[in-house]
Amino acid sequence: MKRCWSEGAADRPDFQSIRLAMRKIQRDDGDKGNILDNLLFRMEQYANNLESLVEERTRDYLVEKKKAEELLYQLLPRYVAAQLLAGQPVTAEAYEGVTIYFSDICGFTALSEDSNPLQVVDLLNDLYTLFDAITVNFDVYKVETIGDAYMVVSGLPVRNGNLHAREISRMSLALLSAVYTFKIRHKPDQQLKLRIGLHTGSCVAGVVGLKMPRYCLFGDTVNTTSRMESNGLPLRIHVSQPLKEVLDEFKVFDLELRGDIEMKNKKNKMRTYWLWGEKGGLEINRKHSVFDEPDYNSPQH
C-alpha cells in the first residue's frame, strides 16, 4: 500500500502486481477475493480508458494548434509569427535596402461598373490566387491586397543583401507573363491590363494592432513605389533609378530608359526605366505593351 503512494512513477506497482499481491493476501486470509478482484479490474479498465481519452484530446489539441499557427503564418511573416508564438516582443525595425512591388488593374473602375459584385469578387479571387501561387517561388513577402491593388516586398523581415532587387524583378516578370494568358470569366475576350511599379530604398516595418495584427511598411519608399505604379503604363513594369542601379550589378536584366517624369509630392523629376526581361529568363513581348505615353504637362498630372 505504501508503494502505491510513492512519488516516483517507477516505484509504484502496476495493476498486475497489485492483483497478485492482493490474491496472496486473500488466500492467506482464507477469502476467495472475487469482490476485490472485480474492483481492481474496474479500476484498471478506468485507468486505461482515461489514458486513451487523454491521448485523443491531446491529438485534437495539437491539430487545432497547428491550424491556428498556419493562420498566423498567413497573416504575418513566419519569422515574425515565430517570435509572437514564442512570447517574444516584436518591435518595429528599420531596413536600409528593400524592393517594393505595387500593381493595380488599369480600367478597374469601368470594369467594375460593367460587372455585378459577384463577378468582381470572382475576378479578383482568380487573379490573386494566381499571383499567390507565383509569389511563393520567390524570396518575397506579400504585404496586402486592397481592392485591385497588390503589394509585395523583398528584403524583410529577413535581409537578403541586394537579392531583393532581383527577386522582385523576376517575380514581376512572372506575374506580367501570367496576366497575358489570364482569362476574365465573364469577359473572356478582354485583356486584363496590369500596371506595375517597382522601387528600391529604405523603410520601417512592424506589427500593428492586436486584433487581426498586420505587418505594415512605412516610409518614403512605400509612397514612391505607389507613384511609380500610378505613373506607369498598362502591361509594363516601371522601374526607378535606385532599383536600376542595383539591377545593373547582376548584368542580366533588359532595361530601357523611359526618361525624366514628374511625380506627385516630388520636388524634382525622377528618371525611370522599363523592365523588359532577363537574359536566359522571362522576357516581355513589347508588341503587347504598346500604349501612348501620357502628357505629364496636362492638368490631370
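Mentor: Start with helix α7 (residues 220-230), whose buried residues are Thr221, Val222, Thr224, Thr225, Met228 and Glu229. Buried means under 20% relative accessible area, exposed over 50%, and partly exposed in between (1.4 Å probe, protein chains only). Helices (H or I, at least four residues) and strands (E, at least two) are DSSP runs, numbered from the N terminus.

Trainee: How do you know that the buried residues of α7 line one face of the helix?

Mentor: Looking down the axis of α7, they fall within an arc of 165 degrees, so they line one face. That arc is taken from the directions from the helix axis to the C-beta atoms.

Mentor: This is a predicted model, where local features need pLDDT of at least 70, side-chain atom pairs count only at pLDDT 80 or more, and totals for chains, interfaces and linings use all residues. Residues are numbered from 1 along each chain as its sequence is written, and side-chain values use heavy atoms, leaving out hydrogens and water.

Trainee: Is Leu235 buried or exposed?

Mentor: Leu235 has a relative accessible area of 3%, so it counts as buried. You'll find Leu235 in the loop between α7 and β6.

Trainee: And what makes Lys251 exposed?

Mentor: Its relative accessibility is 67%, so Lys251 counts as exposed. Lys251 sits in the loop between α8 (241-247) and β7 (253-261).

Trainee: Why is Leu53 called partly exposed?

Mentor: Because Leu53 has a relative accessible area of 39%, it gets the in-between label. Leu53 belongs to helix α2 (residues 34-75).
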